[in-house]
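Here is a short briefing to read alongside the sequence and the 3D view. Keep both open as you go through the points.

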Amino acid sequence: MKISKIIVYIILIIYWGVFSYIYLHKLDPSPSILIQEHDASSLRNRELLTGEKISQEFISEYDNLGIIAIRFQTFGRINNDTLVFRLKDKNNANWYYTANYKTDQFQDHQFFPFGFPIIKNSKGNVYLVEIESKSGSEEGHIKVDRLLPTLISKHKYVLRQTFFSSDTFKYLLLKIQNMVSSMALLFPIIFYMLPLVQYVLHNLLIFSRKKVVFYTILLPFLFIVIYQPFSLSLPSFWEFTVIITWSIYLLLNKVTPKLNLVASMIPLIYIVFQLIEKNTSNAEMGSFWLFVLLLITMIHSMIVSLFKLKTIDIKTVFNNLSK
Amino acid sequence: MKTNLFSIILLFFLPILLIFFIFVLPLLQPGLIVGGDWTSPYTNKQLQVYADSVSSIWSNREIPTGTQTSHKNSYPFNLLAALFSDIGISGESFQKITLFLTIIGIYYFSYLFIFRLTKRKTASIVGALSYLFSPLIFNYINMGWNFVLLFMALSPLFALISINFFTSGKFKYAIFLGFIYTLGFAQSQSIVWFPIIYLFIFFSQFNKLEYAKQIKSFFMGLIVMFSAVIATNAPWIITSLKYMDLSFKSTSSFDVDRFSAVFSLLNSFRGWGSLYNQQYEIVFPSPLLLFSLFPIGLIIYRAIVNDKNDFQRYYNLSMCLILVSPIIYLLRTEIAYIPFSTIIRDGSRFLVITSLGLSTGIGLAFSQIKNKTLLCTLIICLLFSVYPFFSDGIYSTSKSDKNNGIFIGKDFRLRLLDLPMESYEDGLDIYSNQINLLLPTGGSTKTKTDTRFMGDFWEVYDTQALFSPYSTGIYTSDKSSPLVKNFVNNLIDSGKDIVLTKKMLGVYGVNNIFLRSKLESNIQISTSQKKIKSECISTMIQDSDWSITEICQIKDSYPQIYISVSPIYSTDSFINILKKQLDNLIVLVGCPKDLEQNGQICGPNKPYTLSKKEPSIKITPLSATKYKINITDISGKFILILNETFHQGWKIIDIDGKEQKFDHILINQLVNGWVINPNPGVTSAQYIIEFYPQEIYSTIFPFSATIFLLMALYVIYMVIRKNKIQK
């Protein structure tokens, strides 16, 4: 294997590792936390106007329940509502914990953590969580997000022994099982792997059937489009990841920068469609991708011209794709 | 023969007719184009004031006691105004003539530029017309922002000369670029805009085989351009950097949001936007909305199917130019951290470059289409994309505008402000040697009765206050200095009592208040009519909303320079002190907390030991910013007050020219004071008070103006010589 290839592999693995770590760290800065995702379909898309109460039951799979986090939509504005958070064991008459939270600190499509004193023996118990809006108005209210996961609980894992003990391994296994058990949690981590996937796919297929290589881009992009029907949340810097994946595709296949222009017709048509639908926010999103593709075209053209790179023209690309 | 005739009609008459009917004809009606924070002088006398302002960097534009003008980057136009005013042309004509020339320049220079790229006349005409009829031109004509339009005229010429420069490497083109750069700098953002265009032209002309020569040319051109701008603007740049005020160094992050209000990525690809004004977008008919994306779609499509290498470079150039404003928009928060970025951070104005990119792309696209039916179809699509120009969306020139308020939000349509000022300008002659303040004022005004300029219209910049030969106004914004803000707040506080207002303004040397009772402004002073009747004299002039209806004479207003030995020491607000001391002479030492925090010199913690007897003073004005003073009967320490806004640049020198190191303190929370501590036994003294930055400015200005004129002469010589050679 060429040294340059190894370097690229290392860079892409580092990229994946760093961004996944940032994602996990943002989700929970403490490594000793186990996250449990809960089905909260009845809560999703519920708007919280004055007096509105929403509640959800869940079974705790682990001990030491300390945080309930719910993902909210703020409509990109600062909302001056106050939420009352309540939690109790379903079998108890009294609330275990009640607190008020100002919604001006909530961020769009992000989890808001409701913390409370740790419940040590929470494993197997059924809990009821309730949220009530005190002053949510039409202009200043929030909504429970549609993105998955909507409701998660966080449990502290207490290591009883030092590192490299059986307890540590048990914890690690639990942690891995905890992570892979949820597609919604796993999705962002896989997402950051897309540039690496693109590179691996290309290198694997180049030896078999060269023309198939042109289709390698479909796999990562298929992965990107599934977020919408599955209501998954796209992670931070996802645009950057897509740009890198696309750039790897362009450079490895030595295609003309014009392919970007062809691709830019897709967001352009999307914008037109969204304008007909009078959906300007989606049209704005399309404009972002139009901008990205045009920008890549310019950078790509500059690289090609500066290094006198030989590229495959647009007709050959399409001939290869159609054969 | 037929083709030739058709070409001549298309080349010459069609653009002329379009320019005449769409731009010139409506503007031939009387009145000044107004809108937003931009305007021009109206009468010949006002034009003279505008022309004369070139010589001074201390002006009463902001408040009657004056402030330093932080920038004078449009001084070539002051010089041009001097020429026009000397031959008796009015300010209104000056505005319209320069606007018409700018419009012709926008068309003609863009035609030359696109022709240089495509070598196709028809395509160049279509490209140039698309530039002339771009949404940005529409919105900036609405606002009367002539200097942005001037940049739009100069930028294609700049691009054309840049290409010539990179292909030939001749130094004369670098001088040409320097001249355009200097001229365009009247719009301060062009300090960044021109280099961006220059950089992209460089990339489009880059040839790897001649890279060393081209890189050398690139830097040589850049050095010449920056040297030209710095040399021709040195007087105000040096003084502003040496005596930097808040407005010059502020990087108000507030601008990031408010200037992006009408901007979006989607709009940038349509060339839509422009600061707050979205008149074009408002009047764009919904059924034609998709045509707004036609130009960008056409350019991308033609770039895909193009198979010529040269053209590909130019398509790339076009797209690089298009991407400028989206990039600035996306990076606006980061840009806000750059020092002095307050000059450039308005992402929406970067659409001037995007518009050039779109029109260049249209020219390129049309140059490669040979099928006439297709050409005609595409031209019709283009016409749909600029529909507002052909509807009645741009102008609202009728005095009885029945359509006012039919649009959602503010109505930005262009209006012509007719100010019947000539008739009573002469009547104000008797006040010409006094300090007079127009009220209401505050930068922008609205009328109470003229429907065209009421609340739903974008505010009118106060032309009278800015250019009047007899009176001043007040200009306040979020970038005003703490002293100006404090003065304005005190004035607002005094507002309900005209007696208090008169007293306050009298302390600062104002002799008369000129009231315009049919106007409203952002400085609201709602004095009761009863009190006005008793305190002011009616002029009986009511022929315009801008008429001066009452003149309130302020008796015993304080002189320009005076002496005090019995000041009041307080940190209370000036207006509160004034209320208590209404009948006494006020000389206040001390500042409220707001001024202290801003590093103003507020005086001592305990009172000065001053002379018991007030010395006599005789003042001889040497210029507007220089006074000779003779002081006699000195018997100890005293405070010398200069009724001009406090500024470190005001200095006291002795008769031999040596600067005197007296304590320079703030008096009356606004003006200059010096605690003069004479040597024992001295009973008389002579001093000169001068505004030192003005001395620097006046010394350097002739050299800078000469450099500018020499560059202009050289460029004219070059153009004439080139034309002769071509013949």
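This is a predicted model: local features need pLDDT of at least 70, side-chain atom pairs count only at pLDDT 80 or more; totals for chains, interfaces and linings use all residues.

Chain A divides into domain 1 (3-22 + 186-322) and domain 2 (33-156). Chain B also has an assignment with domain 1 (2-30 + 90-394) and domain 2 (561-695). In the contact between the chains, 17 residues of chain B meet 22 residues of chain A.

**Chain A overall**

- Chain A holds 9 helices and 10 strands.
- Along the principal axes, the C-alpha atoms of chain A fill a box of roughly 75 × 55 × 30 Å.
- Of the 323 residues in chain A, 28% are buried.
- Take the contacts in chain A between residues at least 6 apart in sequence: 79% of them join residues at least 24 apart.
- The C-alpha centres of domain 1 and domain 2 of chain A are 37 Å apart.

**Domains of chain B**

- Domain 1 of chain B is built from two stretches, 2-30 and 90-394.
- Domain 2 of chain B covers 561-695.
- Taken over C-alpha atoms, the centres of domain 1 and domain 2 of chain B are separated by 52 Å.

**Where chain B touches chain A**

- The contact involves 17 residues of chain B and 22 residues of chain A.
- On the chain B side, helix 13 (265-270), helix 15 (294-305) and helix 16 (309-330) are the elements that give two or more residues.
- Helix 16 of chain B provides the largest share of that side, with 5 residues.
- By class, the side of chain B that touches chain A has 14 nonpolar residues, 3 polar residues and no charged residues.

**A four-stranded sheet in chain A**

- This open sheet has 4 strands in the order 3-8-5-6, with antiparallel pairing.
- Which strands stand at the edges of this sheet? Strand 3 (53-59) and strand 6 (97-102) of chain A do; each has a single partner strand, so one side of each is left without a neighbour in the sheet.
- On average, neighbouring strands of this sheet are turned by 20° against each other, direction ignored.
- Strand 5 (residues 82-89) and strand 6 of chain A run antiparallel and are joined by 6 bridges.
- A:Arg86 has A:Thr98, in strand 6 of chain A, opposite it.

**A four-stranded sheet in chain B**

- An open sheet of chain B has 4 strands in the order 5-8-11-10, and its pairing is mixed.
- Strand 5 (436-439) and strand 10 (537-538) of chain B are at the edges; each has a single partner strand, so one side of each lacks a neighbour in the sheet.
- Strand 5 and strand 8 (residues 512-515) of chain B run parallel, joined by 4 bridges.
- Between these two strands, B:Asn436 stands opposite B:Asn512, and B:Leu437 has B:Ile513 as its bridge partner.
- Strand 8 also pairs with strand 11 (residues 550-553) of chain B, in the antiparallel sense and over 4 bridges.
- There, B:Leu515 stands opposite B:Glu550 of strand 11.
- Strand 8 of chain B is covered on both faces: B:Asn512 and B:Phe514 are buried on one side, B:Ile513 and B:Leu515 on the other.

**Nonpolar cores**

- In soluble globular proteins, nonpolar side chains tend to be buried together.
- The largest nonpolar core has 211 residues.
- The members that touch the most other members are B:Ile106, B:Ile137, B:Leu149, B:Leu177, B:Ile180 and B:Val352.
- Helix 7 (residues 146-168) of chain B gives the largest share of this core, 16 residues.
- Neighbours within four places in sequence aside, B:Leu149 is in contact with B:Thr102, B:Ile106, B:Ile137, B:Tyr140 and B:Ile141.
- Another core lies apart from the largest one; it has 21 residues, among them A:Leu34, A:Ala40, A:Phe85 and A:Phe106.

**A loop residue in chain B**

- B:Leu585 is in the loop between helix 26 (574-580) and strand 14 (588-589) of chain B.
- Why does B:Leu585 count as partly exposed? B:Leu585 has 13 C-beta neighbours inside 10 Å, and the partly exposed class lies between 12 or fewer (exposed) and 20 or more (buried).
- B:Leu585 and B:Tyr714 are 129 residues apart along the chain, and their C-alpha atoms are separated by 59 Å.

Technical notes. Residues are numbered from 1 along each chain as its sequence is written. Chains are lettered from A and ligands numbered from 1 in the order in which they are written. Two residues are in contact if their C-beta atoms, placed from the backbone, lie within 7 Å. Ala, Val, Leu, Ile, Met, Phe, Trp, Tyr, Cys and Pro count as nonpolar, Asp, Glu, Lys and Arg as charged, and the others, Gly among them, as polar. Domain bounds come from an automatic or database domain assignment. Two strands pair if DSSP finds at least two bridges between them. A nonpolar core is a set of buried Ala, Val, Leu, Ile, Met, Phe, Trp, Tyr and Cys residues joined through C-beta atoms within 7 Å. Axes are lines fitted to C-alpha atoms, for helices over the stretch in contact, and angles run from 0 to 180 degrees between N-to-C directions.
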